[in-house]
Amino acid sequence: MAKDPRYNLIRPKYRREEIRLFSDIFLTLPKSLVAKDLGKEKRRFNELVDNPNEFTWAELKKFSSNCEMSISDFCLLIERGHPNDQPKASSYHDVKMMFEERKLHRIEDIFDYVNKSTVARDLGRKRDTLNRLLENVDRFSLGDIRSLAELSGLSLSEILTLFT
């Protein structure tokens, strides 16, 4: 099935700063079109648009790819429109330091410096759930990714490099 040509408008509009927020995308693309392309029911998709932290990594990758945008730029649109209301204090200082030293290459590398149980607890997850997410990182929610970034003292764009 061919991609709707209106997706091709998103990246140029972003570059021209006509799209500055995630919600601006839907001035060009109908929500119903995107919902269908992501395999979502319209009501559920509207919930995701209202709370993008619930999008999975896989859904964001597909949506950004359809728009021919980098996942980092795409997530920046979300972050601008939906900032975390209560940022967490950085508590994994070694992770930030090792990231700056270019010693972290994958999300799993974080656990060389922070115990998985600690991370699971701080994300409000069970350790088994975190392990399942790590087996298939596409299932991570944007909210979990953003929380992990904050706990590590990393920006969203920095932590995203560990997911790609």
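**Aromatic pairs and their setting**

A: In this predicted model, a search of the whole structure returns zero disulfides. The reason lies in the spacing of the sulfurs: a disulfide requires two cysteine sulfur atoms within 2.5 Å, whereas the sulfur of Cys67 is 12 Å from the closest cysteine sulfur, that of Cys75, which is too far for a bond. For Cys75, in turn, the closest cysteine sulfur is in Cys67, at 12 Å. Cys67 is buried, at 1% relative accessibility, and Cys75 is buried as well, at 0%.

The aromatic side chains are the next topic. The search of the whole structure finds ten aromatic pairs. One of them joins Phe22 and Phe26: the ring centres are 5.4 Å apart and the planes stand at 90 degrees, so the arrangement is edge-to-face. Phe22 is buried, with a relative accessible area of 1%, and Phe26 also counts as buried, at 15% relative accessibility. Phe22 takes part in a pair with Phe74 too; here the centres are 5.9 Å apart and the planes meet at 85 degrees, so this pair is likewise edge-to-face. The pair connects distant parts of the chain, since Phe22 belongs to the loop between H1 and H2 while Phe74 belongs to helix H5, 52 residues apart. Both of these phenylalanines are buried. Ring pairs join Phe22, Phe26, Phe45, Phe55, Phe63 and Phe74 into a cluster.

Charged side chains accompany some of the rings. The charged end of Lys31 sits over the ring of Phe26, 5.9 Å from its centre. Lys116 lies over the face of Phe111, at 5.8 Å from the ring centre.

Glu17 has a positive phi, near 60 degrees, although it is a residue other than glycine. Glu17 is exposed, with a relative accessible area of 53%. A positive phi, near 55 degrees, is found for Glu68, which lies in the loop between H4 and H5. Glu68 is partly exposed, at 37% relative accessible area.

Helix H5, the element of Phe74, also includes Leu76. Leu76 is partly exposed, at 30% relative accessibility. From Leu76 to Ala120 the separation is 44 residues in sequence and 25 Å in space, C-alpha to C-alpha.

Helix H9 (residues 142–152) is largely enclosed by the rest of the structure, because eleven of its eleven residues are buried. After H9 comes Gly153, with a positive phi near 75 degrees.

Asp109 counts as buried, at 11% relative accessibility. The side chain of Asp109 reaches the backbone nitrogen of His105 at 2.7 Å. With its neighbours within four places in sequence left aside, Asp109 is in contact with Lys103 and Leu104.

Definitions and conventions. Residues numbered from 1 in each chain as written. Predicted model: local features only at pLDDT ≥ 70, side-chain atom pairs only at ≥ 80, totals over all residues. Heavy atoms only, no water. Buried < 20%, exposed > 50% of the residue type's maximum accessible area, 1.4 Å probe, protein only. Polar contact = N/O pair within 3.5 Å; in protein donor to acceptor, adjacent residues only side chain to side chain. Contact = heavy atoms within 4.5 Å. Helix = DSSP H or I, 4+ residues; strand = E, 2+ residues; numbered from the N terminus. Phe/Tyr/Trp six-rings, centres within 6.5 Å; stacked < 30°, edge-to-face > 60°. Lys NZ or Arg CZ within 6 Å of the ring centre and 35° of its normal.
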